[in-house]
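Dear colleague,

Please find below the structure that I am handing over to you. My notes on what was found in it follow directly after it.

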Amino acid sequence: MSDLVSTALVTGGSRGLGKSIALALARAGFQVYLTYASKAADAEAVVAEIQAAGGQAKAFPLNVGNAEDVAGFFQAEIKDKVLLGALVNNAGITKDGLILRMKDEDWDAVLGVNLRGPFICLREAAKIMTRQRQGSIVNIASISGQMGVPGQANYSSSKAGLIGLTKAAAKELAARNVTVNAVAPGFIVSDMTDALDDKTRDQYLSQIPLKRFGAAEDVAKAVIFLVSENATYITGQVLAVNGGLYC
Ligand code: NAP
């Protein structure tokens, strides 16, 4: 399989940060497999953009929190079919609310997509990458998991957990030449930040040393570095892309 183009799998690659990451991976020479939850048209538009630029891409509907679906996907589309060079666990959701009012289902939903999902995908990718004796896994965490954000107990916990998963997996998989790192974005212009109210937005902006929100491309560049030949001796790390907001 070594003569195959290396494939990068990006969960939640249909829009937001995942879209920028998918486009950047394609520019870097990967065949890109991107997954989405429900917005097929967005995902197909990303595929079309990559193909129009001369790259290779395919889109797949996949709920990352469903272990059976994820295992079936890896069996049908990845195992013995492609050289899996990179997995980017990007799919994520928020269901914000203060702890005293947070519903169990909002806790479970966020932990299910943001922590269980990456674990399930990482487990499947690890089966393949350890056999290949190569591969890079990048988990998209968040500043929320590093500093804790009020109103985001579920989200902060999921992202802090993802950092723990990153470090444990890095140690388990290192002997097979598989690296596992996290990228922790701060406030990045996206659908998720557009949902912030003006007061919260201005409050955060005033605290960011670089005095601007990040761009999705800033996050994509960090991911590209971590899956590149420049980062083969880096594993178990959290690369913060946050304009200096938390360091
Ligand atoms: P977004 O624009 O809301 O996009 C989320 C993506 O995840 C979409 O492709 C969506 O698919 C997919 N998705 C949602 N639930 C899924 C599920 N159960 N299974 C599979 N895919 C699912 O998100 P974003 O703002 O770009 O954030 C991307 C990642 O960066 C997340 O992990 C987020 O926590 C993290 N992050 C974002 C920011 C920020 O400022 N935006 C900051 C720090 C960290 P559909 O299009 O089909 O719905």
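This is a predicted model: local features need pLDDT of at least 70, side-chain atom pairs count only at pLDDT 80 or more; totals for chains, interfaces and linings use all residues.

**Helix packing and salt bridges**

The axes of helix 4 (residues 104-132) and helix 6 (residues 153-173) come within 8 Å of each other and cross at roughly 15°. Axes here are lines fitted to C-alpha atoms over the stretch in contact, with angles from 0 to 180 degrees between N-to-C directions; helices are DSSP runs (H or I, at least four residues) numbered from the N terminus. The two helices are therefore roughly parallel, a term for angles under 35 degrees.

Residues are numbered from 1 along each chain as its sequence is written, and side-chain values use heavy atoms, without hydrogens and water.

The structure holds six salt bridges (a side-chain nitrogen of Lys or Arg within 4 Å of a carboxyl oxygen of Asp or Glu). One of them joins K127 to E124, with the closest N and O atoms 3.0 Å apart. Both residues belong to helix 4 and stand three residues apart, about one turn of the helix. E124 counts as buried because its relative accessibility is 9%, whereas K127, at 48%, counts as partly exposed (buried means under 20% relative accessible area, exposed over 50%, partly exposed in between; 1.4 Å probe, protein chains only).

With kind regards

Note on methods:
Angles under 35 degrees count as roughly parallel, over 145 as roughly antiparallel, 65 to 115 as roughly perpendicular and the rest as oblique.
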